[in-house]
Amino acid sequence: MSFSYQRFFSVLIKEFIQIRRDPVTIAMLVMIPLIQLVLFGFAINQNPRNLPTVIVSNDHSPLTREFISAIQNTKYFHIINDNSTAQHADQLLASGKTQFIVTIPTHFSEKMIRGESPEILVTADASDPSSTGNAISALNALPNQVFQNNLQGPLNYLQSKAAPFQLLIHMKYNPEQITQYNIVPGLMGVILTMSLVMVTAMAITREYEKGTMESLLATPVRPIEVMLGKITPYVLVGYLQQLIILVAAIFLFHVPNQGSILLLVFNNTPFYYC
């Protein structure tokens, strides 16, 4: 039988009529892309700003305050504590409550005025390299810019040097900035979301397509029992997927594990994705 444009357009019109009569389909075609656009448009940011920063200052001179103000003016850093101790700052970094620790040494201003080029230690959480790269670049530009208005008159001799002070960058948790360390664990949620949602939806749809869903609901089995009975096998498959991903992360990508595997599996139960 040859191709008929009349039959083709008849089926085409019928599908548009069916879509128009199905508000769920219209919502999926319009609202889901809109929601994804808004979420991803704001969530995916390759140049994050206002990163939480803790200042450990052992020098409280006007030049130190000028340096702290310059850090804030870059817009990459948000000072959440400017009078913290080294021990408290390390606890904040380890708990994920801050992204950077800026440690200003004792007698910083005096050493800079004497031309000794003191070092400021910047400790960064490098578990997510993409969020720290641009901030570190902004920091590296500060030594040659921050004190230009202050190094006048008697301090003019400091402008002839390469930089009045040095920044010592210390990357913690992922010093090599290996992207697999943060990409591979995140893929666990992506893979489970895509596979389990699609498979469970297809399982229910297949019952309706074959006409067996009505027969199944006509039995003494309640609808909630039908749903749980069809979802539970895929939950077990989800745990198997988690095991495969964890094994691949540890032995294939060499992602270090410093916590409890059982706690990770419990918090990431496949029930959330079905």
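Is Glu-119 buried, partly exposed or exposed? With a relative accessibility of 48%, Glu-119 counts as partly exposed, where buried means under 20% relative accessible area, exposed means over 50%, and partly exposed lies in between (1.4 Å probe, protein chains only).

A word on the ground rules: this is a predicted model, in which local features need pLDDT of at least 70 and side-chain atom pairs count only at pLDDT 80 or more, while totals for chains, interfaces and linings use all residues. Residues are numbered from 1 along each chain as its sequence is written, and side-chain values use heavy atoms, leaving out hydrogens and water.

Back to Glu-119, which sits in strand β4 (residues 119-125); strands here are DSSP E runs of at least two residues, helices are H or I runs of at least four, and both are numbered from the N terminus. Setting aside neighbours within four places in sequence, Glu-119 is in contact with Pro-105, Gln-166 and Leu-168, contact being heavy atoms within 4.5 Å. Leu-168 is 49 residues away along the chain, yet the C-alpha atoms of Glu-119 and Leu-168 are separated by 6.2 Å.

Strand β1 (residues 51-57) pairs with β3 in the parallel sense, over five bridges. Four of the five residues of β3 are buried.

One aromatic pair is counted, the rule being that rings of Phe, Tyr and Trp (its six-membered ring) have centres within 6.5 Å, with planes under 30 degrees apart stacked, over 60 edge-to-face and the rest tilted. The ring centres of Phe-77 and Phe-100 are 5.0 Å apart and their planes are at 70°, so this pair is edge-to-face. Phe-77 belongs to strand β2 (residues 77-81) and Phe-100 to β3 (residues 100-104), 23 residues apart. Phe-77 is buried at 2% relative accessibility, and Phe-100 is buried at 0%.

Finally, look at helix α7 (residues 180-210). Buried residues of α7 include Val-184, Met-188 and Leu-192, and what covers the buried residues includes α8 (212-218), α9 (223-252) and α10 (261-267). Just after α7, Gly-211 takes a positive phi of about 75°.

Terms used
Pairing = 2+ DSSP bridges.
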